[in-house]
Amino acid sequence: MCGIVGYVGRAEAAPILLDGLRRLEYRGYDSAGIAIVDGGHLETRKCAGRIAALSKLTTERPLTGSFGVSHTRWATHGKVTDENAHPHFDASGKLALDESCASTVDVDQKKARLLAAVRAALQQVIGTYGIALIHADIPDFMIGARRGSPLVLGVGKEENFLASDVSAIVAYTREAIYLHDFDIATVERGKFEISSLAGTSGAHQVSKLEFTAEDIKKGDYPHYMLKEIFEQPNSVRDAMRGRLSLEECTAKLGGLNMTPAQLRDVGRIVLTGCGTALHAAMVGEYLIERLATIPTEIEYASEFRHRNTPMTPDTLVFAISQSGETADTLGALRESRRKGFRTLGICNNVASTIARESDGGVYMHAGPEIGVAATKSFTSQLAILTLIGLLLGRMRNLSTTEGSRMIEALEALPEQIEVVLKLSDQIKAIAKKYVDANGILFFGRQFNFPIALEGALKMKEITYLFAEGHPSAELKHGIIALVRPDLPSIFIAPDDAVFSKNLNNIEQVKARKGPIIAFTSGNGAKRLKETADEIVSLPEAPDCLMPILTVIPLQLLAYHLAVELGRDVDKPRNLAKSVTVE
Ligand code: AGP
């Protein structure tokens, strides 16, 4: 939530700081600001609205200088106004602080004093922060510090950077240091030093960045979301790469850091996360129970800490998070570890706090996900949860035959996803037809019940339409009262063991003049011909893998409908990509 960028070097800082903000805009886009020091004078431009508004402002009133900080805000406290835009200043107007002493002594003493003042101030701060700070009287010197919010130090030649996320600086450097909680970094053109809030210095590793500036470009796609939807054949393949053993008919997940004996002793699993990651956890619950017959439960990460969830000593906890920075999920992870439970992460961001603080885990390797609406990370999470189910199942009851069937089906997925993506035009036509809908209901059973929730979440996030997901059978327990001709019902009804049950529910809606959009497979299309208004036919897969195929058309439907409605698909109102506040 919120993004910061700092630069100190020899180039003009303004274009670098603005470029960085554009790449961080997914973190928040309520207001933005930039502060640059030139010749001992600190100049700032800030305004409510998108980075484009700030860019216009800096074109009208340019800023020069080769060191400065910039910020893009997602409002938590305080209105979205020019005044509340960051950077913030001290009373003298000489000290600019993103996020969150002047004297006549020489520069080195000033640096030391500023550092001491920042350290003393931060020792009193309660809560989380990620800051970048400059002072008008201390040239080419920045201070960065973090606690709870991510901060990375980009290492360049005769220039260095601070940023909330490497995507802001990946165009300028391939090396970075991921700062830890309670780190304070002093950053200058040709050097940097990292110490702890308490004042001790520690070792830090310079990491090579995993992706390039190319990876975070939209390319020929009009939106990141569409690009990321179309990346799913590869992202699902990458989630499984090197992790399937045909010989042993199982999955290999070295990062779990658990011995086979420890894995066999797992008696209960808790899957936790927020939003889309929670929906993946819900599919995971069905998957792990099916493949490994281990009692599995899901917990809203935000509720986990506040409940007295009964946990047995053999419980294994998974925290699922694309960003690895979601405050609620991090809170659940910390609570679980504090109680002594082995807690593993399923993250996309390898340098994230959740990835670092967990006892082990599985990386998604989905590549950067910029669109605020999560798409490819969801299918990667499902692929990984299937691998976990397969691994644990093969240590228990799952036979070699079932294991190898599962592997075959997993390996077929990327090509099946390609087939699903070819339906984009058909789905676009459906979106056009229902553009005046007054809301949308989503229904599914078993493995596809969480997909109904996920479809509704995507729809709400980017179209702002009222949308709700339910288990199909719940329809008759109340929801059917909503059915009317301007409220389409989407049924995720593959040709599986519960197809006939879904068909009953579809008929109940049809009888009350509710339009039906059905996503099915196999013989489903034939059986739905008389009832459904729209039928989308998907490839066939084992029922536990169908969610990976059924969610993609729902992502596409939300996308096309949002475009038809003229919504800002990649930056939906009020949202931000990673939620680092509670
Ligand atoms: C998904 O479309 C949402 N933007 C949101 O629900 C998201 O999945 C949730 O905030 C969790 O994020 P995380 O995976 O980065 O933890």
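Buried means under 20% relative accessible area, exposed over 50% and partly exposed in between, with a 1.4 Å probe and protein chains only. This is a predicted model, in which local features need pLDDT of at least 70 and side-chain atom pairs count only at pLDDT 80 or more, while totals for chains, interfaces and linings use all residues. Residues are numbered from 1 along each chain as its sequence is written, and side-chain values use heavy atoms, with hydrogens and water left out.

**Cysteines**

A disulfide is a pair of cysteine sulfur atoms within 2.5 Å. The whole structure has zero disulfides. For Cys 2, the nearest cysteine sulfur is that of Cys 47, 15 Å away, which is too far for a bond.

| Residue | Relative accessible area | State |
|---|---|---|
| Cys 2 | 17% | buried |
| Cys 47 | 9% | buried |

**Sheet and helices**

Helices (H or I, at least four residues) and strands (E, at least two) are DSSP runs, numbered from the N terminus. Two strands pair if DSSP finds at least two bridges between them. Eight strands form an open sheet with antiparallel pairing, in the order E3-E2-E4-E1-E10-E9-E11-E14. Strands E3 (41-48) and E14 (207-208) are at the edges; each has a single partner strand, so one side of each lacks a neighbour in the sheet. E3 pairs with E2 (residues 31-38) in the antiparallel sense over eight bridges, and Ser 31 lies opposite Ala 48 in E3.

Helix H2 (residues 51-60) packs on this sheet and touches E2, E3 and E4, where contact means heavy atoms within 4.5 Å. The direction of H2 makes about 140° with that of E3; axes are lines fitted to C-alpha atoms, for helices over the stretch in contact, and angles run from 0 to 180 degrees between N-to-C directions.
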